[in-house]
Amino acid sequence: MSLYIKSVGHYTPPRRLSNKDLESMVDTNDEWITSRTGIRERAIADKGVGTADMAYHASVQALEEAGMDAKEMDGIVCATCTPDMTMPGASSHLQRKLGGAEVAAFDVNAACSGFIYGLDVVDGMLASGRYENILLACADKFTSTINYNDRGTCILFGDGAGSLVLSSKPGGPKLSALYTGGNGQLTNLLHRPGGGSLLPFDECEDKDELYVQMIGNQVFKHAVRGMGLSATETLKRAGWDKSEVDWLIPHQANRRLIDAAMDRLGLAPERVVVNIEKYGNMSAASIPVALNEAKGQFKPGDKILCVAFGSGFTWGGAAIEWA
Ligand code: UT7
């Protein structure tokens, strides 16, 4: 591993959508949503705000914290499945907003596993020796894909961004191990079929095809397995026993999924970073936002395990040693 975390920044939009608000939109109620998901409210980006706008705010914060200028970045990688446009990537829009040098900018789409896959890609870039500093922005305006008449999905998602300045130069928290996995046989359990090349938007017969569709209870079962596998494999690669984990930062998709991952590791609840109640599922942004909100509690040498699962299916884990 050649990757050091120089800084983290995050942004969530100020507007909130509460469970009470949703009660007036679909046939649901606060008690059901809270008990089945752990979510109480979500941050929602306004019309006219794109993924790159949120990534910009998070990135400015990360650059400031690192004491670096956008000009010093040798590359910009954006982990997202909701780019501002299908072309060019959100990374190019972010580059336009940030300014900086004429360096590589591209997106990684691994849905809710975007942070882990993004780390994997950036680690490889840094290991090549051709890049020293890279900005990884994990951002999704997931609500732009949601049908607010579908109670199975509209209660779950929110918008946000988390950015990291990553470097091959030693110093700061270090990536100790990384694991990624995937299974493309089950794409239909969680997908957004319309608007791509297979089913362009003007060929959609049903408007629902333009929204995210999910068979929630089936995804749930695969997510329990995927997050568990990610924890086991990442720990194995890091050479850590599960009893050594100081902090677990799981993807925030459902409180019950987080609890399943916590129980598997035998961790006390105070060792698990949870912010799902105020943001819902922010897709690729969820782990970096949680990391940034919790980092004040971390001590040098703390062992942090991040695990994610998302559409694809994609999954994976990262072991980080704090400094
Ligand atoms: O980040 C990417 C990965 N995504 C995930 O990991 C999401 C994983 N899935 C989930 O989080 C859960 O499956 C959901 C929260 C989406 C659903 O919870 P569930 O406990 O799996 O419920 P279910 O889908 O099995 O539905 C149980 C009942 C059904 O009614 P009947 O058939 O038993 O009468 C649903 O129609 O709950 C009903 N239901 C609702 N009721 C009130 C489904 N959504 C709602 C709702 N409000 N919003």
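Predicted model: local features only at pLDDT ≥ 70, side-chain atom pairs only at ≥ 80, totals over all residues.
User: Is Asp-27 buried or exposed?
Analyst: Residues are numbered from 1 along each chain as its sequence is written, and side-chain values use heavy atoms, with hydrogens and water left out. Buried means under 20% relative accessible area, exposed over 50%, and partly exposed in between (1.4 Å probe, protein chains only). Asp-27 has a relative accessible area of 62%, so Asp-27 is exposed.

User: Which residue forms a salt bridge with Asp-27?
Analyst: A salt bridge is a side-chain nitrogen of Lys or Arg within 4 Å of a carboxyl oxygen of Asp or Glu. Here the closest N and O atoms are 3.7 Å apart, and the partner of Asp-27 is Arg-151.

User: How many residues of strand β7 are buried?
Analyst: Helices (H or I, at least four residues) and strands (E, at least two) are DSSP runs, numbered from the N terminus. Strand β7 covers residues 159-167 and is mostly covered. Asp-159, Ala-161, Ser-163, Val-165 and Ser-167 point one way, while Gly-160, Gly-162, Leu-164 and Leu-166 point the other way, and all are buried.

User: Which residue in β7 is the bridge partner of Val-8?
Analyst: Two strands pair if DSSP finds at least two bridges between them. Strand β1 (residues 4-11) and β7 run antiparallel, joined by seven bridges. In β7, the partner of Val-8 is Leu-164.
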